[in-house]
Each structure stands twice: as C-alpha cells, then as structure tokens.
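Subject: A structure for you to explore

Hello,

Here is the structure I promised you, together with its sequence. Have a look around first, and then read on for what I found.

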Amino acid sequence: MFLLFVPIFVTLIFYFFYANLLKKVNGETLFCDLGFIYCSLLVLYTVIPGLVLVYGLTKPGDPIAVLLDNMSVTKTDLSIHLWRHFLFLFCFSVGYLFFRGKEKFKYVEIKRSMHFSIVFLMITIVVSLLILSLLSAPVETYYDNYIRYDHLSVPVRKIVSVLIRFKGGFCVILITLLFLNYKKYKFYILISVLLICVYELLYSHGSRINIFIILLQVFFLYSYFVKVLSVKKIFGYALILLTFFSIIEIIRLLDGNVVSTKEVISEDGIKPPGELGALFITSFHLYSEREKGVLPKREWQMFFYDIISPFTFNSDTSLNPMYWYANYYFPESIVPPFTIGPIAESAIWGGEIDLFFRGLINGAYFAFIVKWFLKRRDKWWGVATYAFLFSYSVITLKYSVFFYLTPVFKDLLPTLLLVAILIKLFKCNQNEILKKEVEN
C-alpha cells in the first residue's frame, strides 16, 4: 500500500504547489486558466483511479473491471504507472509555466447587440436536434447510440455528421453570446444549459462527456464574466456532479442487463464512475504490453493521426489509435470501449522518453492557446473559441495532445464563420435602416 500511496501523495503535493504558482500569476481568475483546469483533471484522473484500485472499488461488468480481470496486476506495477502519470503532470507543468507568461485574465467588456444572433442560434440548434432525432434509429441501450445512423445512406450520414459537429460549435457560441449580457439573459442561460444537458443525456442514452463539456464551458464563462466561485462551492458542486455521473453509470449498466443492482452498489454506497479510470487503465495496459514486448503491429502513419484527422471523414478509422486498440484487444466490441490518451500513446511509441517530451509539448501548446486568447479577449469569437478549448481539454486528456485540431477545424471554425457573417449582415442592415431614417 505504501508503494501506491507515495506517488499519489507526491502528485497531490506537486499539484498544490503548481496551483499556487499559477495563482500568483492569475490571482482570483485562476479557475479561468486552461493550464489549471487541465492539470486539475489530470490529477483527478490519476488519484481517483489509484484509490479505486487500492480499495477494489471497480464495478463488475464495467469495461475497466473486465480488462483488469484479464491482467496480472501487482502493486509495484500500479505504483510505477502512477509515477508515469506524475511524470506527465510534471512535464506539462514545466512546459506550461515556461511559456505561459505573466498576463492575467482581466475581463474586457464586449459591447454589441447579439439578440438576432442568439435567436438564430436557438432556432438552428432546435431544428438540428429535431432532424437528428427524426433520422435516428431506435436506441434501447447505451451502445445503440453509436450505431443509430448506420441504417442511413452514405450521403445522408454525411449530413448527419455535419449536423452533429455543428451542434457543438453552435452551442458554445450561443452560451458565450448569452453570457456577454449576463444580467439580461441569465434566465435564458439557465434554461438553455438545462435543456441541452437533458437532451444530451437522453439522446445518448447515458453518455456523460458532452454534459461535462457544456458544464465546463459554463464554469469558465461564469468565472470570467460574472464572478469566481469559492473553493468550497466548487468542491460541493464537484461532489454532486460525481454522484450524479455515478448514478447515470449505474442506470446505464443495469439498462444493458450486464449486472445486478447489488453488484454495482456496495455496502459502502455508490461506487465512483468508471469514466475516471479511462485514462489510467488503457495506459497501464499498454505499458504492460510494451514491457512484455507484445504490442500489436501499428502503422507509422498512426503517429500523425492528429494532423491527418482534420482532413479525413469520421468513417475513416484506419489510423485512429482508439480503433487500433479496440481492433486488437476488443474485436467483438460494437464501438471502442476505451479512449487512448497521451500517456497511453507514449506506451505505443517511445515509452517514458516519449512521455517526457509529450508532456512538455502539451504544456507549451496550451500556453500558446492562453496567450492567443489574452490578445483577443475583446472579441466575442475569441471568448467562444477559448471557452470551446477550455471545455475540450478533458477530451485532449482522453485522446491526444493535438486532438484540438479536429474539433476546431470541423466543429468550431465553420460555425464561427457562419455566425460572424450573419452578425456582419445584420449590422449592415441596421446601418441601412438608420441611414434611411436620418434621410427621411
């Protein structure tokens, strides 16, 4: 147990030290910093799985438990892997702090009427959701969610893919524009966020990641435009969210007829969601395979998947590390049961040396994003872009360092351009109307 608790303890101590350094830079706006939220999520995805494995809190029927049952796991191996997580955290922090600079997240007021754009976005989102629902096949289980459009012809599936991607971009732009005038639209923010989250939960039949992304966007925008929440409140909300996500996972497991209620709820209460082990377990498994020298064959082009992905269709999964992993280890699975994060990718390629440089590059990359935003925080599209990247940091942690490239090019940029054109046209129309009124 000592071998396991030492890296967990060191990780927590370093995290508080790192947070303190960032607080000296940001002051009260610490929670708006991308580097802080990313490291906070990394620590969460490290410490919680570590404690879960120490105390045997995995749920029967959960993919993580299934994978662990097929592995010979020792406490020494787990301890070494916890140190790998710490190495990535340390390298990211060094790279981020070195390139981050000292500029704070000072609020800049953006004065512009966005009523027309807000109405347009609301209508567009509702119409998109209706179309997606009408085209969907019946969904009875969580995994049916991933094949709900397979019955459609290829052209129609491409249209559906565009609508799904644009939905994410339109949602973050809508929430951002509402927050630009918080006092006027705070009721609409509450209703919009609540309805979007309920839809995502019901639409996906139990997926939680899109809800978490929306909530991260709201967290940043509220902290930036309104006020910073106290640590006590954030901790309380986090516990409520963790419990809520755990309940969703239990319902999802029972819905799939995988296990019984007694198996997923222990005498000590509800067990933590398996989602928190997604980063840890795949990387632990692949490092185990690497040490045995039995890693499956991989194409060298897969190393550059993040750069290739923005220019390929979603249906092309030949170079996707997540599908590579599923094809070799879970060939009977309908969809990949696990994601592949930066730590797992380092196991596929260069091991701990790869992990060292991957962490540094990740830190420098995120520092560039923050500096980019701070120069454009007086633009609505700059705030929307940063809110998008802020929330998708959790996906970066679960997928890869340069994962951002795909959703930015496919989800965000097209929707930003469309809304920007509409705002420009509306402004021109307003100017024409005012000019005619003056002439008359």
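How are α6 and α8 oriented relative to each other? Before the answer, please keep in mind that this is a predicted model. Helix α6 covers residues 154-180 and helix α8 covers residues 209-225. Their axes lie 10 Å apart, and the packing angle is about 25°. Angles under 35 degrees count as roughly parallel, so α6 and α8 are roughly parallel to each other. The crossing of α6 with α8 is right-handed.

On the α6 side you will see Val172, Ile173, Thr176, Leu177 and Leu180, and they meet Trp380, Val383, Ala384, Ala387 and Phe388 of α16. The contact of α6 with α16 has nine nonpolar residues, one polar residue and no charged ones.

Now for a few single residues. Is Ser393 buried or exposed? Its relative accessible area is 0%, and residues under 20% count as buried, so Ser393 is buried. Ser393 sits in helix α17, which runs over residues 393-398. Leaving out residues up to four places away in sequence, Ser393 touches Leu34, Ile37, Tyr38, Leu41, Phe366 and Tyr404.

Lys371 belongs to helix α15, residues 351-374. With a relative accessibility of 40%, Lys371 counts as partly exposed. Apart from neighbours within four places in sequence, Lys371 is in contact with Phe99 and Arg100. Take a look at Gly101 as well: 270 residues separate Lys371 and Gly101 along the chain, yet their C-alpha atoms are 7.8 Å apart.

His115 is another one to click on, in helix α5 (residues 115-135). His115 has a relative accessible area of 44% and is partly exposed. From His115 to Asn181 there are 66 residues in sequence, and the C-alpha to C-alpha distance is 10.0 Å.

Stepping back to the whole chain, you can count 18 helices and two strands. Of the 440 residues, 50% are buried. Among contacts with a separation of 6 or more, 80% are between residues 24 or more positions apart.

Finally, how far does the predictor's confidence go? The chain averages a pLDDT of 83, and 84% of the residues score at least 70. One stretch needs care: over residues 257-273 the pLDDT stays under 50. The model has 38 contacts beyond four places in sequence for residues 257-273. Where pLDDT is low, the predicted coordinates should not be read in detail.

Enjoy exploring, and write back with any questions!

Best wishes

Key
Residues numbered from 1 in each chain as written. Predicted model: local features only at pLDDT ≥ 70, side-chain atom pairs only at ≥ 80, totals over all residues. Heavy atoms only, no water. Helix = DSSP H or I, 4+ residues; strand = E, 2+ residues; numbered from the N terminus. Buried < 20%, exposed > 50% of the residue type's maximum accessible area, 1.4 Å probe, protein only. Contact = heavy atoms within 4.5 Å. pLDDT = per-residue confidence, 0-100. Axes fitted to C-alpha atoms, helices over the stretch in contact; angles between N-to-C directions. Parallel < 35°, antiparallel > 145°, perpendicular 65-115°, else oblique. Left-handed = near helix turned anticlockwise from the far one by under 90°. Nonpolar A, V, L, I, M, F, W, Y, C, P; charged D, E, K, R; others polar.
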